[in-house]
Amino acid sequence: MTRRLSLNELQGYVQEVEAFLEALDPPQTPAEETARETLSQAAAKLGARVAAPISLAVVGEFTVGKSLLLGALLGRPGLLPVEERPTTGNITVLRLREGTAGTGTRLGDTSKIHFMTRDRLASCVREITQELARLLDEQLPQLNAGKVLGGVDPIGGPQGWQPFLAWYRCLWGQQTPGLQHVEADLISSRFRDAALELLRIRDAEQGQQGLLGSEPVVIGTEAVRRVLELPVASATPDTAPAPRKLTITREGVTAGGAALSDCFPLVERVEQVVEVDPVYWPLGELLDGRDVQILDFPGVGAVGSFGRDRNLSRQALQDIHSILLVLPAHHLPSDIALDFWQMLAADGRSQEALGTAALLVANQFDRIVVPALGAGQPGGGTGLGRVDSLNSLDAFAPKIIGQGDNREQIFLASAVTGLLIEQQPWEEVSEQTLDVIRDTAERRAEIHRPTWHEFADRLAQDRPDSLWPQRLRAYEEDGGLGAIRHGVQRHLARHGDAHRLERAHAAQRDLDLALRAYRRAAPRDDDPEDAAYQEAAERFRELGKLIGRILDDIELMDGTGLTKRPEAPVPPDVETSRAKVRAAVYGAHWWEQLVQRALRSPDHLVPHGRPHQSGPLSPRTRHIRPRPTADDTTVFQQLFERVLADQRALDLHELERWLEEWRGYWSAEIGPLREWLDSDDESALLLPELYTRRLHNPQILDDLLEDLDVDALVAYVTDNAPAFLESTAAEPAHAFPLQPGHALPWHAASDNGDTEADERSRHPLAVLQMRAAVADAAAGQVGTELQALLRQVLHVFRDTFHRARESLLDQYAFRPPVSRKAPERPEDDGAREAEDGSGRGPTVDDLIRKWLNGERGDGGPK
């Protein structure tokens, strides 16, 4: 596996590579020049990650109140743009400093505006155009969006923005040459809004003068909101607007005014220093020896931003160590948040690492009504079932934080409630937010206002091991602000350096690959007669180590749990799949229907159902099919089978996604070596002769090439995965824990003559027990099937790479024939000793031996 260096060792690694690059003579070939540039960029990337501050990202869908929550956590609700509409349009970086107690939380006098590089802007535009083209091709293929926008690069391509400018007016129903006319009424306004965003980016990009990729612009903090706030969403214009000709200079941005607003689409982030009043949040312990920053991200899916926010967020979050995900307490589960989270996993961070990085906040909890509890009435079999939002959050949280010991990473909050309790200054927020605060203050002033304390006490009795009573009490204490502050501080102290090291290790692998690639591209000073044999031997040593790493990873992944973190992306998590299925079955409305029937019944038991009424039908009466009910096991068996089928399809999709990530990870290393094996390189041309001489069979080389074809291997597994799963899947009817088609105790025809037994079988606890049994059986079945599927996949991988390892030549095979050896000359030793003098810096081989192979060196790692 890739050597796991410490942060200090990684810093030394970067310094030695940079010193090595500085000492090199000019490159001799274009290939060496390209390899040198790649190496330099990889070193810079690793260096930046090693030196990066510990970061907390605040993300969430728009209008969830995350900016107000962040301001309240820091003791100044109006710190960031706050409206009831989406407002955050750019990433805001808040560098934390501890202020003076009693002086209030203050922003620095100046802020820095960081602009995107040209490559970053090009990536952003590509993401918007590709998504727009995909959706339009699905709904309105006659507009040829994919053909016009699919392969166009407006920022760096030779055609620039011209194809887009010649095409976009068709979205307003205007006749466009070469396109079939579509009336504007048939085209969704969201497509026109996406075109408007592209047009704003185009105008700013064409009008900017030296801003892209330049040094940050320093500007007064009071004026900086012009590049933080999204423009107020207005009606889409009835006619296509024309491109604007702008002039955006560095001086114009510094001076404020129109240039500051016009440059909005080009801004990557705005950096501000915040001195936090320790009355609200004492930061001394957290900041001790650390540089800490909080990043407020644009709301996901906000009106007025149609892909730019997502692109900015995805790029920046790759280097974030802790993520505060703000969810709407009154609207769970959040499909937008889950989709965004899965996007982060698809970008290379493991599910395990994401689960550890996450802190979940159910915000705007003041909108949840406190349930009324009758005298002596229990909190319910599960407790949380009495409050939909808590039950939904309890089921949704494992999808983000996993099934591990991360329960302390869930919080309930209301920024408005918290700032009122802490008496924070809230006058500088918007009028809309002021109205919300005043209304909340009036409700809190009511004498008989219900609180969560009684519910928390009753819940603590029912579930002594639950953290929910603690969360509810923390919410009542200060709107949850104190608990979040303590949780963030604990999380950053515990995981900040670990997350930073995780991201640095990902960059370390890129530097390792770049260093090996440079060694292949750089000219060598070896004896030409032996150089080909030495090169072949080195490549096979590298190949042997690589296959060993792959097999080690397969062994780590093949088991009931991961005892050690694999190097490559990990397969779909069995426990996550189980949790999803259990939540889907457990949360079905049939169960709640039965519980509600019991609550409405005078004896609080599930009443017997009504018998089906049948009678003579008139000729004009249509036969009405009886509606399914929860009075027999049929609907629950159908639920069971549907959830299993849906999860199997989802597991296959997740398996395919993982296989593609796994292929991409290892192809980056296997690809160059496999290409060399099949190349006309002098060292590779020796291999048939060597296989014949050593193993008496040159066909083994062809077998090795086939086994190292990762693309073909993954394609084979992907194509056969449905068959693998089918071979392990049991019939749903056999796994269903209840008797199929059987009447339940509350069925109209059920009467066993035993009153006590009848009442016991119709008690809500019996419903909850049956609910848990069906949910657990479904979860167990899916887990068993997915585990068997993964083991079959890993078995194929293991066999393939075991064959590849057995096909390798040993190092003794790479000795040139005796007749080809040049006679040794005494002066060679003297020349070699001269080369090894103190004046020679490390070679690329020295760096590889020291930092990749871990061979002992002066001051280096062992």
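Analyst: Let's start with a definition: helices (H or I, at least four residues) and strands (E, at least two) are DSSP runs, numbered from the N terminus. This is a predicted model, where local features need pLDDT of at least 70 and side-chain atom pairs count only at pLDDT 80 or more, while totals for chains, interfaces and linings use all residues. Residues are numbered from 1 along each chain as its sequence is written, and side-chain values use heavy atoms, with hydrogens and water left out.

User: How many helices and strands does the chain have?

Analyst: Its secondary structure comes to 32 helices and nine strands. Between helix 22 (589–600) and helix 23 there is a loop, and H604 is found in it. Phi of H604 is near 60°, a positive value in a residue other than glycine.

User: Is H604 buried, exposed or partly exposed?

Analyst: Buried means under 20% relative accessible area, exposed over 50%, partly exposed in between (1.4 Å probe, protein chains only). H604 has 49% relative accessibility, so this residue counts as partly exposed. Compare Q423, in the loop between helix 15 (415–421) and helix 16 (431–444). Phi of Q423 is also positive, near 55°, and Q423 counts as exposed because its relative accessibility is 68%. For the whole chain, 50% of the 862 residues count as buried.

User: What should I look at in a single helix?

Analyst: Begin with its span: the expected value is 1.5 Å times one less than the number of residues. Helix 4 (residues 118–139) has 22 residues and reaches 32 Å from its first C-alpha to its last, close to the 32 Å expected. Then look at which side chains are covered. An α-helix has 3.6 residues a turn, so residues three or four places apart point the same way. In helix 4 the buried residues include L121, V125, I128, L132 and L136.

User: What covers the buried residues of helix 4?

Analyst: Contact here means heavy atoms within 4.5 Å. The cover includes helix 5 (145–149), helix 6 (162–167), helix 7 (189–207) and helix 11 (308–317).

User: How do I describe two helices that pack together?

Analyst: Two packed helices are described by the angle between their axes and the distance between the axes. Axes are lines fitted to C-alpha atoms, for helices over the stretch in contact, and angles run from 0 to 180 degrees between N-to-C directions. Angles under 35 degrees count as roughly parallel, over 145 as roughly antiparallel, 65 to 115 as roughly perpendicular and the rest as oblique. Take helix 1 (residues 7–23) and helix 19 (residues 481–521): they pack at about 30°, with axes 11 Å apart. That makes helix 1 roughly parallel to helix 19. Residues making the contact include L10, Y13 and V17 of helix 1 and L501, A504 and L511 of helix 19.

User: Which way do helix 23 (residues 634–677) and helix 27 (residues 710–728) run, and how far apart are their axes?

Analyst: Their axes are 10 Å apart, at an angle of about 165°, which means helix 23 is roughly antiparallel to helix 27. Among the residues in contact are L652, L659 and W662 of helix 23, with V714, V717 and L725 of helix 27. Ala, Val, Leu, Ile, Met, Phe, Trp, Tyr, Cys and Pro count as nonpolar, Asp, Glu, Lys and Arg as charged, and the others, Gly among them, as polar. By that scheme, the contact of helix 23 with helix 27 has eleven nonpolar, two polar and four charged residues.
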